[in-house]
Amino acid sequence: METNKDRKSLFSAISINRITAARFRKFSKNVAPSHSESLDDMMDFFEVTKIHPRSPIFRHYVGLYNYIIGRLDFIIALLREHEEKYHKPTYNMLAGLFDKAEKMEAKTRPLEETNIRRLTKEEWELEDGKVSQEEYDLLKNARQKDRREFSEMISKIIKGITKVEPTFGKPYYKIDINFTELDILKRKYEE
(Lines give C-alpha, C1' and ligand atoms only; values in the text may rest on other atoms or scores of the structure.)
Protein backbone atom coordinates (compact mmCIF):
# COMPACT_ATOMS: atom_id res chain seq x y z
CA MET A 1 0.00 0.00 0.00
CA GLU A 2 1.26 3.42 -0.86
CA THR A 3 1.18 6.30 1.53
CA ASN A 4 0.09 9.79 0.63
CA LYS A 5 3.75 10.98 0.66
CA ASP A 6 4.77 8.47 -2.05
CA ARG A 7 1.99 9.52 -4.41
CA LYS A 8 2.33 11.97 -7.18
CA SER A 9 -0.65 13.84 -8.52
CA LEU A 10 -0.74 11.94 -11.78
CA PHE A 11 -4.12 10.72 -12.97
CA SER A 12 -5.11 7.82 -15.16
CA ALA A 13 -8.40 7.20 -16.91
CA ILE A 14 -10.45 4.04 -16.45
CA SER A 15 -13.36 3.19 -18.72
CA ILE A 16 -16.48 2.25 -16.78
CA ASN A 17 -20.16 2.19 -17.52
CA ARG A 18 -21.79 5.63 -17.08
CA ILE A 19 -24.52 4.20 -14.80
CA THR A 20 -21.85 2.61 -12.61
CA ALA A 21 -19.91 5.89 -12.67
CA ALA A 22 -22.97 7.82 -11.48
CA ARG A 23 -23.51 5.29 -8.68
CA PHE A 24 -19.86 5.55 -7.70
CA ARG A 25 -19.97 9.36 -7.59
CA LYS A 26 -22.93 9.25 -5.17
CA PHE A 27 -21.22 6.59 -3.08
CA SER A 28 -17.90 8.44 -3.08
CA LYS A 29 -19.43 11.63 -1.69
CA ASN A 30 -20.36 9.76 1.52
CA VAL A 31 -17.07 7.86 1.88
CA ALA A 32 -14.18 10.21 1.14
CA PRO A 33 -13.47 13.70 -0.18
CA SER A 34 -12.17 12.41 -3.53
CA HIS A 35 -12.89 9.49 -5.83
CA SER A 36 -9.29 8.24 -5.55
CA GLU A 37 -9.45 8.12 -1.75
CA SER A 38 -12.76 6.26 -1.75
CA LEU A 39 -11.35 3.66 -4.21
CA ASP A 40 -8.25 3.31 -2.02
CA ASP A 41 -10.43 2.80 1.06
CA MET A 42 -12.50 0.11 -0.68
CA MET A 43 -9.44 -1.75 -1.93
CA ASP A 44 -7.80 -1.52 1.51
CA PHE A 45 -10.93 -2.97 3.07
CA PHE A 46 -10.97 -5.98 0.77
CA GLU A 47 -7.23 -6.55 1.13
CA VAL A 48 -7.23 -6.31 4.94
CA THR A 49 -10.32 -8.46 5.49
CA LYS A 50 -9.24 -10.93 2.78
CA ILE A 51 -12.73 -11.24 1.36
CA HIS A 52 -13.85 -11.01 -2.21
CA PRO A 53 -17.26 -9.44 -3.05
CA ARG A 54 -18.14 -12.34 -5.35
CA SER A 55 -17.01 -15.11 -2.98
CA PRO A 56 -19.73 -17.61 -1.98
CA ILE A 57 -18.91 -17.18 1.72
CA PHE A 58 -19.61 -13.46 1.55
CA ARG A 59 -22.89 -14.07 -0.30
CA HIS A 60 -23.83 -16.71 2.26
CA TYR A 61 -23.09 -14.25 5.07
CA VAL A 62 -25.27 -11.54 3.49
CA GLY A 63 -28.08 -14.05 2.85
CA LEU A 64 -27.87 -15.36 6.42
CA TYR A 65 -27.92 -11.81 7.78
CA ASN A 66 -31.05 -10.96 5.77
CA TYR A 67 -32.71 -14.22 6.83
CA ILE A 68 -32.03 -13.57 10.53
CA ILE A 69 -33.30 -9.98 10.30
CA GLY A 70 -36.48 -11.25 8.61
CA ARG A 71 -37.02 -13.88 11.29
CA LEU A 72 -36.50 -11.32 14.05
CA ASP A 73 -39.08 -9.04 12.45
CA PHE A 74 -41.49 -12.00 12.31
CA ILE A 75 -40.87 -12.86 15.98
CA ILE A 76 -41.44 -9.24 17.04
CA ALA A 77 -44.70 -9.10 15.09
CA LEU A 78 -45.76 -12.45 16.58
CA LEU A 79 -45.07 -11.24 20.14
CA ARG A 80 -47.02 -8.03 19.58
CA GLU A 81 -49.97 -9.95 18.16
CA HIS A 82 -49.85 -12.43 21.05
CA GLU A 83 -49.84 -9.57 23.56
CA GLU A 84 -52.81 -7.88 21.86
CA LYS A 85 -54.86 -11.09 21.56
CA TYR A 86 -54.13 -12.85 24.83
CA HIS A 87 -52.30 -10.86 27.48
CA LYS A 88 -54.17 -7.56 27.42
CA PRO A 89 -57.69 -9.08 27.40
CA THR A 90 -56.77 -11.48 30.20
CA TYR A 91 -55.26 -8.67 32.24
CA ASN A 92 -58.34 -6.49 31.69
CA MET A 93 -60.68 -9.33 32.73
CA LEU A 94 -58.72 -10.05 35.91
CA ALA A 95 -58.47 -6.35 36.77
CA GLY A 96 -62.24 -6.04 36.29
CA LEU A 97 -62.87 -9.05 38.53
CA PHE A 98 -60.65 -7.70 41.31
CA ASP A 99 -62.24 -4.23 41.06
CA LYS A 100 -65.72 -5.75 41.27
CA ALA A 101 -64.71 -7.88 44.28
CA GLU A 102 -63.36 -4.81 46.08
CA LYS A 103 -66.57 -2.88 45.38
CA MET A 104 -68.68 -5.80 46.60
CA GLU A 105 -66.68 -6.00 49.83
CA ALA A 106 -67.08 -2.28 50.38
CA LYS A 107 -70.86 -2.42 49.83
CA THR A 108 -71.57 -5.50 51.95
CA ARG A 109 -71.65 -4.89 55.69
CA PRO A 110 -72.73 -7.14 58.49
CA LEU A 111 -76.54 -7.31 58.95
CA GLU A 112 -76.47 -6.31 62.60
CA GLU A 113 -74.54 -3.16 61.87
CA THR A 114 -77.16 -1.78 59.45
CA ASN A 115 -80.09 -2.65 61.76
CA ILE A 116 -78.66 -0.77 64.72
CA ARG A 117 -78.07 2.55 63.05
CA ARG A 118 -80.85 5.10 62.60
CA LEU A 119 -80.51 7.17 59.44
CA THR A 120 -82.43 10.02 57.89
CA LYS A 121 -83.70 9.92 54.30
CA GLU A 122 -80.73 11.99 53.06
CA GLU A 123 -78.27 9.71 54.84
CA TRP A 124 -79.94 6.64 53.29
CA GLU A 125 -79.69 8.22 49.85
CA LEU A 126 -76.01 8.95 50.46
CA GLU A 127 -75.52 5.33 51.60
CA ASP A 128 -77.21 4.03 48.45
CA GLY A 129 -75.05 6.28 46.29
CA LYS A 130 -77.86 8.64 45.25
CA VAL A 131 -77.08 12.28 44.60
CA SER A 132 -79.23 15.36 44.38
CA GLN A 133 -80.43 16.71 41.02
CA GLU A 134 -78.09 19.72 41.23
CA GLU A 135 -75.06 17.52 41.86
CA TYR A 136 -76.15 15.24 39.03
CA ASP A 137 -76.44 18.20 36.62
CA LEU A 138 -73.02 19.50 37.65
CA LEU A 139 -71.50 16.05 37.13
CA LYS A 140 -73.23 15.68 33.76
CA ASN A 141 -71.97 19.09 32.57
CA ALA A 142 -68.44 18.29 33.75
CA ARG A 143 -68.49 14.98 31.84
CA GLN A 144 -69.75 16.67 28.69
CA LYS A 145 -66.97 19.24 28.98
CA ASP A 146 -64.41 16.44 29.45
CA ARG A 147 -65.77 14.61 26.40
CA ARG A 148 -65.58 17.77 24.31
CA GLU A 149 -62.00 18.44 25.40
CA PHE A 150 -61.08 14.82 24.78
CA SER A 151 -62.59 14.81 21.27
CA GLU A 152 -60.81 18.09 20.42
CA MET A 153 -57.54 16.68 21.68
CA ILE A 154 -57.99 13.43 19.71
CA SER A 155 -58.86 15.34 16.53
CA LYS A 156 -55.73 17.49 17.01
CA ILE A 157 -53.59 14.36 17.42
CA ILE A 158 -55.17 12.71 14.36
CA LYS A 159 -54.52 15.81 12.26
CA GLY A 160 -50.87 15.71 13.40
CA ILE A 161 -50.29 12.15 12.13
CA THR A 162 -48.10 11.95 9.04
CA LYS A 163 -46.87 8.94 7.10
CA VAL A 164 -43.08 8.71 6.81
CA GLU A 165 -41.56 6.58 4.07
CA PRO A 166 -37.82 6.24 4.81
CA THR A 167 -35.28 5.25 2.19
CA PHE A 168 -34.55 2.04 4.06
CA GLY A 169 -36.98 0.11 6.22
CA LYS A 170 -40.72 0.00 6.50
CA PRO A 171 -42.92 3.09 6.33
CA TYR A 172 -44.31 4.29 9.65
CA TYR A 173 -46.60 6.96 11.07
CA LYS A 174 -45.26 9.93 13.03
CA ILE A 175 -47.32 11.93 15.53
CA ASP A 176 -46.47 15.62 15.82
CA ILE A 177 -47.00 16.40 19.52
CA ASN A 178 -44.68 18.19 21.91
CA PHE A 179 -43.52 16.72 25.20
CA THR A 180 -45.54 18.99 27.47
CA GLU A 181 -48.83 18.09 25.73
CA LEU A 182 -47.93 14.41 25.97
CA ASP A 183 -47.15 14.70 29.70
CA ILE A 184 -50.45 16.53 30.30
CA LEU A 185 -52.35 13.78 28.45
CA LYS A 186 -50.57 11.05 30.39
CA ARG A 187 -51.32 12.65 33.74
CA LYS A 188 -54.92 13.40 32.83
CA TYR A 189 -55.95 10.02 31.40
CA GLU A 190 -53.69 7.55 33.23
CA GLU A 191 -55.43 5.51 35.86
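Mentor: Let's begin with the overall fold and then move on to particular residues.

Trainee: Fine by me. What kind of model is this?

Mentor: This one is a predicted model. Keep that in mind as we go.

Trainee: Noted. How many helices and strands does the protein have?

Mentor: The secondary structure comes to seven helices and two strands.

Trainee: And what pattern does the protein follow along the sequence?

Mentor: Reading along the sequence, you get α-α-α-α-α-α-β-β-α.

Trainee: OK, let's zoom in. Is Ser38 buried or exposed?

Mentor: Ser38 is buried, because its relative accessible area is 0%, and the cut-off for buried is under 20%. Ser38 sits in helix 2, which covers residues 35-49.

Trainee: Which residues does Ser38 touch?

Mentor: Setting aside residues up to four places away in sequence, Ser38 touches Phe24, Ser28, Val31 and Ala32. Have a look at Ser28 in that list: the side chains of Ser28 and Ser38 are joined by a polar contact of 3.0 Å.

Trainee: Where is Ser28, then?

Mentor: Ser28 is in helix 1, residues 18-31. With a relative accessible area of 2%, Ser28 is buried as well. Beyond its neighbours within four places in sequence, Ser28 is in contact with Ser34, His35 and Ser38.

Trainee: Changing topic: how many aromatic pairs are there?

Mentor: The count comes to one aromatic pair. Phe45 and Phe46 form that pair, and the geometry is edge-to-face, at 5.3 Å centre to centre with 70 degrees between the planes.

Trainee: Why does that count as edge-to-face?

Mentor: The planes are 70 degrees apart, and edge-to-face is the label because the cut-off is over 60.

Trainee: How accessible are Phe45 and Phe46?

Mentor: Phe45 is partly exposed at 43% relative accessibility. Phe46 is partly exposed too, with a relative accessible area of 29%.

Trainee: Which residues form the nonpolar patch on the surface?

Mentor: Tyr61, Val62, Leu64, Tyr65, Tyr67, Ile68, Ile69, Leu72, Phe74, Ile75, Leu78 and Leu79 form it. Together those residues have about 1,200 Å² of accessible area.

Trainee: Pick one of them for me. Where is Val62?

Mentor: Val62 is in helix 3, which spans residues 56-107. At 33% relative accessibility, Val62 counts as partly exposed.

Trainee: On to charges. How many salt bridges does the structure hold?

Mentor: Five. One of them joins the side chains of Glu84 and Lys88, at 3.0 Å from N to O.

Trainee: What does Glu165 form a salt bridge with?

Mentor: Glu165 pairs with Lys163, and the closest N and O atoms are 3.9 Å apart. The salt-bridge cut-off is within 4 Å, so that pair counts. Glu165 is exposed, with a relative accessible area of 60%.

Trainee: And Asp176?

Mentor: Asp176 forms a salt bridge with Lys174, where the closest N and O atoms are 3.9 Å apart. Asp176 is partly exposed, with a relative accessible area of 46%, and Lys174 is partly exposed at 41%.

Trainee: Last one. What does the side chain of His87 make a polar contact with?

Mentor: With the side chain of His82, at 3.2 Å. His87 lies in helix 3 and counts as partly exposed, with 47% relative accessibility.

Conventions. Residues numbered from 1 in each chain as written. Predicted model: local features only at pLDDT ≥ 70, side-chain atom pairs only at ≥ 80, totals over all residues. Heavy atoms only, no water. Helix = DSSP H or I, 4+ residues; strand = E, 2+ residues; numbered from the N terminus. Buried < 20%, exposed > 50% of the residue type's maximum accessible area, 1.4 Å probe, protein only. Contact = heavy atoms within 4.5 Å. Phe/Tyr/Trp six-rings, centres within 6.5 Å; stacked < 30°, edge-to-face > 60°. Patch = residues over 30% accessible without salt bridge, like charges linked within 9 Å, V, L, I, M, F, W, Y side chains within 5 Å. Areas by Shrake-Rupley, 256 points an atom, 1.4 Å probe, with all protein chains shown as cover. Polar contact = N/O pair within 3.5 Å; in protein donor to acceptor, adjacent residues only side chain to side chain.
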